[in-house]
Amino acid sequence: MSEGTDPRPLVVVGVDGSRDADAALHHAVAEARRRHGRVLAVAACDVPPWSAVDVESLPTDPEAVRHGAEVRARRHVEELLATAGDVPVTVVGRLGRPTRVLVDEARDAALLVVGHRGRGAFRSAALGSVGLGCLLHARCPVTVVRPPARADAGGTTPARAEVAR
Amino acid sequence: MSDASAVVVGLDGSDGARAALHHALGEAARRRAGVRAVVSYLPTDYWTDLLSADLPRRAPDAGAGATARARAVVAEVVAERGAAGEPLPERPIEVLGVAGPPADVLVDAAEGEALLVVGHRGRGARHGRLTGPVAIGCVLRARCPVTVVPARTSSP
């Protein structure tokens with residue numbers, strides 16, 4: 001289904017450090033492994049409009065914001081995926097509204113994976129909205145993943161067994 | 001291991017559901033899991049759309065008709081995938097008819113399973129790309145991962 005420069009099937013996943021996004025990441029890695037594909041983990045950071053915030057508290061350089069988010073996401077993903085060495089995982093930070101960013105990154109993907117709920121990169125957001133937006137707009141199949149129930153006993157997400165923490 | 005549990009897919013005769021079935025068969029093949037295709041139906045009294053148009057006025061058993069149609073769709077899609085050389089699960093595909101509202105039926109059927117797959121839009125929605133209420137209901141309530149599959153744009 002996915003045609004691009006890299007012939008391996010692409011699984012795109014949104015990461016924001018929330019438990020749901022972590023579950024989504026593990027799910028995405030498991031999906032990519034089964035497909036002999038690769039994972040693109042996307043950390044979207046939405047810079048609020050100038051009018052909505054105290055201007056002096058704003059970061060001055062959007063690229064610095066994006067880079068910071070990417071570095072944090074990469075560190076987080078590396079910690080989380082200590083055992084996923086067989087699946088290539090790329091982590092990128094992107095500026096923009098998470099839904100649009102994810103849908104755009106997943107335009108040629110075999111699958112887009114999102115957490116059921118998450119949090120904005122900078123502020124908590126009533127989520128489900130990103131997941132919902134992806135369902136509405138993505139052209140590829142979208143999988144919505146919940147974190148396993150408390151106590152981590154069950155295997156709600158297939159990749160849960162691979163969590164190393 | 002969760003690979004032992006099934007991939008559950010909702011069927012309703014729509015293009016979205018066919019695409020969902022395609023996706024579910026591929027998933028199950030990769031996971032070496034079984035597929036349970038679930039079709040929900042409502043008693044004839046509650047049918048308000050063209051679902052009942054090809055049935056006799058007083059269908060004695062709505063479930064039998066719905067399940068038979070679902071079986072036919074499964075056979076077609078399996079044949080399509082076979083012809084295209086796309087992977088199919090090794091285990092036989094289970095087709096299950098359950099009375100009740102679609103989202104409730106699917107969420108119940110997917111309880112404890114590996115994955116629930118539903119189409120982007122169900123019957124009665126021919127245009128546009130809005131996600132159907134059944135898909136949304138499943139995503140909101142199912143405990144397992146839910147995959148929503150858009151209708152295949154190109155190939156039949």
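**Note on the predicted two-chain model**

1. In this predicted model, helix H3 (residues 102-109) of chain B and helix H4 (residues 133-141) of chain B have axes that come within 9 Å and cross at roughly 40 degrees. Angles from 35 to 65 degrees fall between roughly parallel and roughly perpendicular, and H3(B) and H4(B) are therefore oblique to each other. Their crossing is right-handed.

2. The contact between these two helices can be followed residue by residue: on the H3(B) side it involves Pro102(B), Ala103(B), Leu106(B) and Val107(B), and these meet Val134(B), Gly137(B), Cys138(B) and Arg141(B) of H4(B).

3. Taken as a whole, chain B contains four helices and five strands, and from the N terminus on its elements follow the order β-α-β-α-β-α-β-α-β. Buried residues account for 47% of the 156 residues in chain B. Of the contacts in chain B between residues at least 6 apart in sequence, 77% join residues at least 24 apart.

4. Strand S1 (residues 7-11) of chain B deserves a separate look, as five of its five residues are buried. In a regular strand the side chains alternate between the two faces of the sheet. In S1(B), Val7(B), Val9(B) and Leu11(B) point one way, while Val8(B) and Gly10(B) point the other way, and all are buried. S1(B) pairs with strand S2 (residues 35-41) of chain B in the parallel sense over five bridges, and within S2(B) the bridge partner of Leu11(B) is Val39(B).

5. Both chains contribute to an open sheet of 10 strands with mixed pairing, whose order is S3(A)-S2(A)-S1(A)-S4(A)-S5(A)-S5(B)-S4(B)-S1(B)-S2(B)-S3(B). Its edge strands are strand S3 (89-95) of chain A and strand S3 (94-99) of chain B, each of which pairs on one side only. Direction ignored, neighbouring strands of this sheet are turned by 25 degrees against each other on average.

6. Where the chains join within the sheet, strand S5 (residues 142-145) of chain A and strand S5 (residues 146-149) of chain B run antiparallel and are linked by three bridges; the bridge partner of Thr143(A) in S5(B) is Thr147(B).

Methods. Residues are numbered from 1 along each chain as its sequence is written. Chains are lettered from A and ligands numbered from 1 in the order in which they are written. This is a predicted model: local features need pLDDT of at least 70, side-chain atom pairs count only at pLDDT 80 or more; totals for chains, interfaces and linings use all residues. Axes are lines fitted to C-alpha atoms, for helices over the stretch in contact, and angles run from 0 to 180 degrees between N-to-C directions. Angles under 35 degrees count as roughly parallel, over 145 as roughly antiparallel, 65 to 115 as roughly perpendicular and the rest as oblique. A crossing is left-handed if the near helix is turned anticlockwise from the far one by less than a right angle, and right-handed if clockwise. Two residues are in contact if their C-beta atoms, placed from the backbone, lie within 7 Å. A residue is buried if 20 or more other C-beta atoms lie within 10 Å of its own, exposed if 12 or fewer, and partly exposed in between; C-beta atoms are placed from the backbone. Two strands pair if DSSP finds at least two bridges between them.
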